[in-house]
Amino acid sequence: MSSVETVALLERSVGYALGGLGGVTPAALGRATPCRGWNLGALLRHTAESLDALMEAVDTGSVRLHPAPGPASGGAPPDDPAAALVAAFRSGAARLLGAWTSTGDRPVTVGGCPLQASMVAMTGAIEIAVHGWDIACATGNPRPIPPGLAGLLLDPAMALVTDATRAGLFAPAVSVPRTAAPADRLLAHLGRDPLAFQARGA
């Protein structure tokens, strides 16, 4: 996949994730998500930091393993933590969309390790799409990852997340039939039960 195609895929993932923010309310922030050990508030903060890290890669050609303090609230009232988290997410997404189009495939240093920009963008696309699904499930409004997007993310996810790289990043893979849809296979490979939250809501 070319660097242009990878950037387009990252932007599709961000667009999908943005569509699941409508149900984020103060009451929902403590809810469990399909991402084990993370409630909705913590996952929103983490995903906003991931968007910031992708912008850092564009701006500086490197990504720190320990991110700077989270983004500003984007003008949301300080007494509305849900609105602040959603605003931070939207702000990060707005800055990111389009920013990668001029990067080409130059090296990006991640924690001191040089990687091609396309690999960093692909990793971001996988993370943002799957966390978008996590967020939507936690709000009680599950949104399937579009089949076309999931189909393009599945093989890279299988290559990037292996037994050697999974520890500390993703839960063990969940077993699903080989005939399962690409979105279900993607989610299961990254430690999610693709049916549990959809069956019961959040």
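1. In strand β2, the bridge partner of Ser62 is Thr109. Strands here are DSSP runs of E, at least two residues long, and helices are runs of H or I, at least four long, both numbered from the N terminus. Helix α4 (residues 117-138) packs on the sheet and touches β2 and β3. The direction of α4 makes about 85° with that of β3.

2. A word on the source. This is a predicted model, in which local features need pLDDT of at least 70, side-chain atom pairs count only at pLDDT 80 or more, and totals for chains, interfaces and linings use all residues. Residues are numbered from 1 along each chain as its sequence is written, and side-chain values use heavy atoms, with hydrogens and water left out.

3. Now the sheet itself. Three strands form an open sheet, ordered β1-β2-β3, with mixed pairing. Two strands pair if DSSP finds at least two bridges between them. β1 (62-63) and β3 (113-116) stand at the edges with a single partner strand each, so one side of each has no neighbour in the sheet. β1 and β2 (residues 107-110) run parallel and are joined by two bridges.

4. Next, a helix pair. The axes of α1 (residues 3-18) and α4 come within 8 Å and cross at roughly 20°. That makes α1 roughly parallel to α4 (angles under 35 degrees count as roughly parallel, over 145 as roughly antiparallel, 65 to 115 as roughly perpendicular and the rest as oblique). Axes are lines fitted to C-alpha atoms, for helices over the stretch in contact, and angles run from 0 to 180 degrees between N-to-C directions.

5. Which residues make this contact? On α1 they include Leu9, Leu10 and Val14; on α4, Met122, Ile128 and Trp133 are among them. Contact means heavy atoms within 4.5 Å. By class, the contact of α1 with α4 has 11 nonpolar, six polar and no charged residues. Ala, Val, Leu, Ile, Met, Phe, Trp, Tyr, Cys and Pro count as nonpolar, Asp, Glu, Lys and Arg as charged, and the others, Gly among them, as polar.

6. Look at Met122 in helix α4. Is Met122 buried or exposed? At 8% relative accessibility, Met122 counts as buried (under 20% relative accessible area; exposed is over 50%, partly exposed in between, with a 1.4 Å probe and protein chains only). Leaving aside neighbours within four places in sequence, Met122 contacts Met1, Thr6, Leu9, Leu153, Pro156 and Leu160. The C-alpha atoms of Met122 and Leu160 are 9.5 Å apart, although 38 residues separate the two along the chain.

7. Last, helix α6 (residues 182-189). Its buried residues are Ala183, Leu186, Leu187, Ala188 and His189. They pack against α4 and α5 (147-160). Just after α6, Gly191 takes a positive phi of about 85°.
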